[in-house]
Amino acid sequence: MKVSSAHKSGEPLAAFLRARRDRVRPEHHRLAPGPQRQVPGLRRDEVAFLAGISTDYYVRLEQGRERRPSPAVVKGLSRALLLDAAAERYLRELSVTETVRGGEDDEAGDASGMAADRLDAVHQLLDSMTVPALLVNRWLDIVDSNALGDLLHEGLEPRDNYARMVFLAPGAQEFFTDWPELARCVVAALRAQAGSDAGSARLAQLLPELLAHSEVFKAAWGEHHLYEKAIDHKQFQHPRAGSLALDQHVLELPGSEGHRIWAFHPADDATSKALLLLTTVRPRRRAG
């Protein structure tokens, strides 16, 4: 299965604009909805008017014939489409990148996308942490973890990529107590973190499998939602530890091409005790 045309040159920007235009209603901008509208959201001419550009120029953007809107146009489009800070940043990234960065991870021959000495230093940091922790790259590959981080998702396979685990692992919907919400967040996080690298070789490997085997992923990917949070609350139903309540902290690593540490802090005493029990089992499985 080929990656959809939304990932060809120029198309990520066009697809994003189309999806976000459908979500904005005329009344959001105090426009008269009219008796017979042909589209669920704003019309193209309405977006153009609100963004301060010509309708013809906006049509070219949505058709992928124009790919490099100026910063002023990006600002106008963000205002017209009611984009939050994360979505505006994503639009800006798409607007300044005609060609993907691609090939950096392939040429290096390292699936982690991180230099060996940096990876070793981060691994030592993970091992020093007393809570479950994962090292995740921009495509949600689980590059490394500490002992508790590895045991946290015990029983789920595959565990090489968080999106693959959430959507493809048997039992995932029972393991993740709030699976429907988590699923939407994972898709939106993948899109947000991939950013202007949406045409990368790694994403080209990952997307066909997810699109082919999960209708939920396919539908959510087409909605072009974005998700970025520094902290979130998670509920797991672990096969041995039982119910776990965790606060997930996302720690960015500067200069690491999008790598983040996900640390899961116990949200209550029962979870703290349950995690302690997990440390008595088999040694950790090193990622990679």
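Which residues of H4 are buried? They are Val-73, Val-74, Gly-76, Leu-77, Ser-78 and Ala-80. This is a predicted model. After H4 comes Leu-82. The phi of Leu-82 is positive, near 55°.

## The chain overall

The chain has 288 residues, and 50% of them are buried. It holds 14 helices and five strands. Take the contacts between residues at least 6 apart in sequence: 56% of these join residues at least 24 apart.

## Two helix pairs

Two packed helices are described by the angle between their axes and the distance between the axes. Start with H2 (residues 44–51) and H4 (residues 71–80). Their axes come within 8 Å and cross at roughly 120°. H2 is therefore oblique to H4. The crossing of H2 and H4 is right-handed. On the H2 side, the contact uses Val-47, Leu-50 and Ala-51. On the H4 side, it uses Gly-76, Leu-77, Arg-79 and Ala-80. By type, the residues of this contact are five nonpolar, one polar and one charged.

Now take H1 and H3. Their axes lie 7 Å apart, at an angle of about 115°. That angle makes H1 roughly perpendicular to H3. H1 brings Leu-13, Ala-14, Leu-17, Arg-18 and Arg-21 to the contact. H3 brings Tyr-58, Leu-61 and Glu-62. The residues of the contact of H1 with H3 are five nonpolar and three charged, with no polar ones.

## A buried loop residue

Leu-42 sits in the loop between H1 and H2. Its relative accessibility is 0%, so Leu-42 counts as buried. Arg-25 is 17 residues away from Leu-42 in sequence, yet the two C-alpha atoms are 5.8 Å apart.

Leaving aside neighbours within four places in sequence, Leu-42 is in contact with residues that include Arg-21, Val-24, Arg-25, Pro-26 and His-29. Its partners also include Val-47, Leu-50 and Ala-80. Those three belong to the contact of H2 with H4 as well.

## Nonpolar cores

The largest nonpolar core has 42 residues. Tyr-162, Phe-167, Phe-176, Phe-217 and Phe-236 have the most contacts inside it. Helix H11 (residues 179–194) gives the most to this core, with seven residues. A second, separate core has 25 residues, among them Leu-61, Leu-83, Leu-94 and Leu-226. Leu-61 also takes part in the contact of H1 with H3.

Beyond its neighbours within four places in sequence, Phe-176 is in contact with His-153, Leu-156, Tyr-162 and Met-165, among others. Val-166, Leu-182, Gln-235 and Phe-236 are also in contact with Phe-176.

## Backbone features in loops

Pro-158 lies in the loop between helix H8 (147–152) and helix H9 (162–168).

Leu-140 is not a glycine, but its phi is positive, near 65°. Leu-140 is in the loop between strand S1 (133–136) and strand S2 (142–145). Leu-140 counts as buried because its relative accessibility is 0%. His-224 is not a glycine either, and has a positive phi of about 60°. The loop that holds His-224 runs between helix H13 (215–221) and strand S3 (231–238). With a relative accessible area of 5%, His-224 is buried.

Terms used: Residues are numbered from 1 along each chain as its sequence is written. This is a predicted model: local features need pLDDT of at least 70, side-chain atom pairs count only at pLDDT 80 or more; totals for chains, interfaces and linings use all residues. Side-chain values use heavy atoms; hydrogens and water are left out. Axes are lines fitted to C-alpha atoms, for helices over the stretch in contact, and angles run from 0 to 180 degrees between N-to-C directions. Helices (H or I, at least four residues) and strands (E, at least two) are DSSP runs, numbered from the N terminus. Angles under 35 degrees count as roughly parallel, over 145 as roughly antiparallel, 65 to 115 as roughly perpendicular and the rest as oblique. A crossing is left-handed if the near helix is turned anticlockwise from the far one by less than a right angle, and right-handed if clockwise. Contact means heavy atoms within 4.5 Å. Ala, Val, Leu, Ile, Met, Phe, Trp, Tyr, Cys and Pro count as nonpolar, Asp, Glu, Lys and Arg as charged, and the others, Gly among them, as polar. A nonpolar core is a set of buried Ala, Val, Leu, Ile, Met, Phe, Trp, Tyr and Cys residues joined through side-chain atoms within 4.5 Å. Buried means under 20% relative accessible area, exposed over 50%, partly exposed in between (1.4 Å probe, protein chains only).
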